[in-house]
Amino acid sequence: MEEAKKSDKIEKRKEAIKGWLKNKYNLIFLAILILAIVIYLNNFNLTKKQVLWWDEADYLAYAKNLAGFPINWIITEKHNSLYPYLAAAFFKIGLGELGIKFFLQVIPAILSAALVYFMSNKMYEDKRIGLITSFLMTTFWVNLFNASRFHVDIPALFLGLLSIYVFWQGYENKEKIFGKIEAKWAIPLTVFLVILTYTIRRGYILFGAFFLVHMLASKKFKALIKDKYNWIALGIASVLFFFAEKFIFISQISDISGQYFHEEAPINFLPFQVFPAFFDSVTKMPGVLLYLFWIGAVLLLVNIAFSFGLMKKEGGTRVRADLFNFLTIVITLAFFIYVLRSPTNFGEARWYLPMAFACFILIARAATSITDYIKPYSKHAAIILLCALIAIGGYYEFKQGSDSIKGKLDSFQGIKEASILIKEMSDKEDLVLTLGQPQVEYYAERNTLNARVWGGKYSSDDVGGHFESTMQKIKENPQVRFIVITFSEPAYPEWAKKNSGNVWEIPFMQTKIDFSTGEQQINQELQYDKYNLKFKLIAVKNEVFIYEILR
């Protein structure tokens, strides 16, 4: 009897899979998913040996510390995150750097490309919208580039998108979540995912704002108050938020916010530059996706304006989806315009990833509307135009992502080579004076000292005084054995490094290189009798000078 039941289940699954594959939209989605897998695995292979940037090393050096490696690096305040704890788990089980990248970067990126297809289908009946959003997420240059590096944005984005999926499936569509969980638990589960997203990247608390504002705009306030599951969600949020602030983050949110909030700066609209950053082509002409985005924005606003009466009624799912996606973009922009107020630029494109899905929806709405207008005249022309618009836009996204990845493959190679050399010729208790601290700690597994602050607070008005205090501390601390000067890192004190135009200088070693004339003055050794110290040039590794301190 048991075997018969198992056999019957297997047959039903086979029939379900066959039925699913007979649907042309599902076949196209499967092709897009295969494309995503190929692209991301190729980028993973391409970047498997690339060197960590400062912020990446900040996460992973701390992860090594947590995993028990012989370093004491503590992550900087602004990079507080659950991410290093997850990475530490991979170090613990021996998977290392490649395992971390594969499971925390590549897999979430691929899953995000799949997830937006199902999210779009929950919001809109038109499956073309799902296919377009999935294709755009697959080729989106911001995702391609950041999935190839150890940036928290990719896993945080996946969890944020998952929270939208849960919210829409359970709360809006009243369906069982993942086919298992009762719809009434949608808000508590959504809140759990939002807090989890927050623990990986604090700025992505924006996802919580999306849901809160949407619920207030689309539901009656009394109904929200009476729903006990909303109160359960509030309790879950309070407990998890307290836990995260107490046990995961080493600095409070109030301490971090001051580093980003520019209260003194006037309100400006620089964040609108993110849309060209997202969608401009690599040519001199604006990209087709940028045009489609603005057309889609107009269409969305018109639909919301003319259908606002349906917002709080059954059957108004499409307009509520439009409202949610519109709010996603507005809230994200408002956060950067009114809260952060960057006085010089819009920041980095990856900071705006919470609204990427909504941007893809606008593009899809515009593309399908244009082709639907043409369809009565020529069905084939409409299909060709739709495919051409999205394919051209996707190609330029992919090309920009690919070019960005390849252009940065060899960056900071010198700091890695220098760190490996130091590891080979040093003892575990030796200390390194540098500003490439997390990178040296990660690769050399030796503790470092900050060249700018260790000798006392640096002041450009007292360069000599800072040099003397640093030399005195080196004399008193025989464990300080190396100085590493990296011309790829800014903010060194002027006694250690100066570079202007084509001229590099290391003043304390009386070293100067003029790249415009080819003139080089490189001292191999320099004695400071006052401190009984000799500095010896060990090696030069691609913008990095390594000096051993002899006593």
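Mentor: Two strands pair if DSSP finds at least two bridges between them. Strands (E, at least two residues) and helices (H or I, at least four) are DSSP runs, numbered from the N terminus. This is a predicted model, in which local features need pLDDT of at least 70 and side-chain atom pairs count only at pLDDT 80 or more, while totals for chains, interfaces and linings use all residues. Residues are numbered from 1 along each chain as its sequence is written, and side-chain values use heavy atoms, with hydrogens and water left out.

Now the sheet. Four strands form it, in the order β4-β5-β6-β7. The sheet is open, and its pairing is antiparallel. Strands of a sheet pair through backbone hydrogen bonds, either parallel or antiparallel. β4 and β5 (residues 503-506) run antiparallel, joined by three bridges. Across that pair, Ser 500 stands opposite Val 503 in β5.

Step back to the loop between β3 and β4, where Ala 491 is found. Most residues other than glycine have a negative phi, and most peptide bonds are trans. Ala 491 is not a glycine, yet its phi is positive, near 75°. Ala 491 has a relative accessible area of 44%, which makes it partly exposed. Here buried means under 20% relative accessible area, exposed over 50%, and partly exposed in between (1.4 Å probe, protein chains only). Asn 542 also has a positive phi, about 45°, and is not a glycine. Asn 542 sits in the loop between β9 (533-540) and β10. Its relative accessibility is 46%, so Asn 542 counts as partly exposed.

Helix α19 (residues 413-425) has 13 residues and reaches 19 Å from first C-alpha to last, close to the 18 Å expected at 1.5 Å a residue. That expected span is 1.5 Å times one less than the number of residues. Its buried residues are Gly 414, Ile 415, Ala 418, Ser 419 and Ile 422. Seen down the helix axis, they fall within an arc of 130°, so they line one face of α19. The arc is taken from the directions from the axis to the C-beta atoms.

Last, follow a link between a loop and a helix. A salt bridge is a side-chain nitrogen of Lys or Arg within 4 Å of a carboxyl oxygen of Asp or Glu. The count by this rule is 19. One of them joins Lys 530 and Glu 468, at 4.0 Å from N to O. Lys 530 lies in the loop between β8 (525-528) and β9, and Glu 468 in helix α21 (residues 463-476), so the pair ties together parts that are 62 residues apart in sequence. Lys 530 is exposed, with a relative accessible area of 60%. Glu 468 is partly exposed, at 41%.
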